[in-house]
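Please brief me on this model.

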Amino acid sequence: MSDCLFCKISSGEIKSEFLFEDDKVVVFRDIDPQGPFHILIIPKEHYTSIKDVKDESLIGHMFYAGNRVAEENNVENFRYIINTGEEAGQTVFHVHLHLIGGRKMTWPPG
Ligand code: AMP
Ligand code: ZN
């Protein structure tokens with residue numbers, strides 16, 4: 001999608017350092033980290049939200065990539081988040097899986 005920030009990041013049009021990349025996903029650090037370790041796992045293909053991803057293997061692959069990058073960075077405790085819709089806090093409308101770790105978490109989330 002031509003006017004999508006995360007499409008531009010995944011295609012390399014906007015330069016970003018990838019912690020993981022393959023043919024399906026890229027992983028990079030969140031620009032406004034909510035913990036010592038905060039990464040985003042996104043599909044290369046544009047989907048507005050997780051509700052639009054009908055490919056269950058892609059959903060699984062996003063978690064695979066997150067698990068792998070967490071392990072490589074010795075992050076043992078972490079939280080996955082997918083904000084879905086404005087009211088849920090989604091601000092970038094290209095699906096992304098947050099992985100936040102490196103600090104004590106509270107519950108319930110805000
Ligand atoms: P959400 O609010 O769930 O849609 O999350 C969007 C996330 O994208 C936020 O945590 C932002 O800090 C992050 N973000 C926005 N722009 C960039 C960027 N250029 N590079 C990395 N992360 C970004
Ligand atoms: Zn996109």
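Which residues do ring pairs link into a cluster? Ring pairs join F63, F78 and Y80 into one. Rings of Phe, Tyr and Trp (its six-membered ring) pair if their centres lie within 6.5 Å; planes under 30 degrees apart are stacked, over 60 edge-to-face and the rest tilted.

This is a predicted model, in which local features need pLDDT of at least 70 and side-chain atom pairs count only at pLDDT 80 or more, while totals for chains, interfaces and linings use all residues. Residues are numbered from 1 along each chain as its sequence is written, chains are lettered from A and ligands numbered from 1 in the order in which they are written, and side-chain values use heavy atoms, with hydrogens and water left out.

**Aromatic pairs**

- The count comes to 4 aromatic pairs.
- F6 and F28 form an edge-to-face pair, because their ring centres are 5.5 Å apart and their planes stand at 80°.
- This pair links distant parts of the chain: F6 sits in helix α1 (residues 5-11) and F28 in strand β2 (residues 25-29), 22 residues apart. Helices (H or I, at least four residues) and strands (E, at least two) are DSSP runs, numbered from the N terminus.
- Both F6 and F28 are buried. Buried means under 20% relative accessible area, exposed over 50%, and partly exposed in between (1.4 Å probe, protein chains only).
- F78 and Y80 also pair edge-to-face, with ring centres 5.3 Å apart and planes at 75°.
- F78 is partly exposed at 31% relative accessible area. Y80 is partly exposed too, at 23%.

**Zinc site**

- C4 (SG), C7 (SG), H46 (ND1) and H94 (ND1) coordinate the zinc ion (ligand 2) at 2.0 to 2.3 Å. Donors are N, O and S atoms within 2.8 Å of the metal (3.2 Å for Na, K and Ca); water is not among the atoms, so sites may look incomplete.
- The 4 donor atoms subtend angles of 106 to 116° at the zinc ion (ligand 2), so the arrangement is tetrahedral.
- For reference, the ideal angle for four tetrahedral donors is 109.5 degrees.
- Along the chain, the donors follow the spacing C-x2-C-x38-H-x47-H.
- H46 lies in the loop between β3 (37-43) and α2 (56-72), and H94 in the loop between β4 (78-81) and β5, so the pair ties together parts 48 residues apart in sequence.
- H94 is buried, with a relative accessible area of 0%.
- C4 is buried at 7%, and C7 is buried at 10%.
- The structure holds 0 disulfides. A disulfide here is a pair of cysteine sulfur atoms within 2.5 Å.

**H98**

- H98 lies in strand β5 (residues 97-101). H98 is buried, at 11% relative accessibility.
- Beyond its neighbours within four places in sequence, H98 is in contact (heavy atoms within 4.5 Å) with D30, H38, I39, L40, R79, Y80, I81 and N83.
- H98 and R79 are 19 residues apart in sequence, with C-alpha atoms 7.8 Å apart.

**Q90**

- Q90 is found in the loop between β4 and β5. Q90 is buried at 5% relative accessibility.
- The Q90 side chain reaches the backbone oxygen of T48 at 3.0 Å. It also reaches the backbone nitrogen of G85 at 2.8 Å.
- Leaving aside neighbours within four places in sequence, Q90 is in contact with T48, S49, N83, T84, G85 and H96.

**H61**

- H61 lies in helix α2 and is buried at 16% relative accessibility.
- Leaving aside neighbours within four places in sequence, H61 is in contact with D22, K24 and V25.

**Backbone points**

- The peptide bond from W107 to P108 is cis, with omega near 5°. P108 lies in the segment after β5.
- N74 has a positive phi of about 55°, although it is not a glycine.
- N74 lies in the loop between α2 and β4 and is exposed, at 67% relative accessibility.

Notes. Tetrahedral: all angles 85-135°; square planar, octahedral: opposite > 155°, others 65-115°. Polar contact = N/O pair within 3.5 Å; in protein donor to acceptor, adjacent residues only side chain to side chain.
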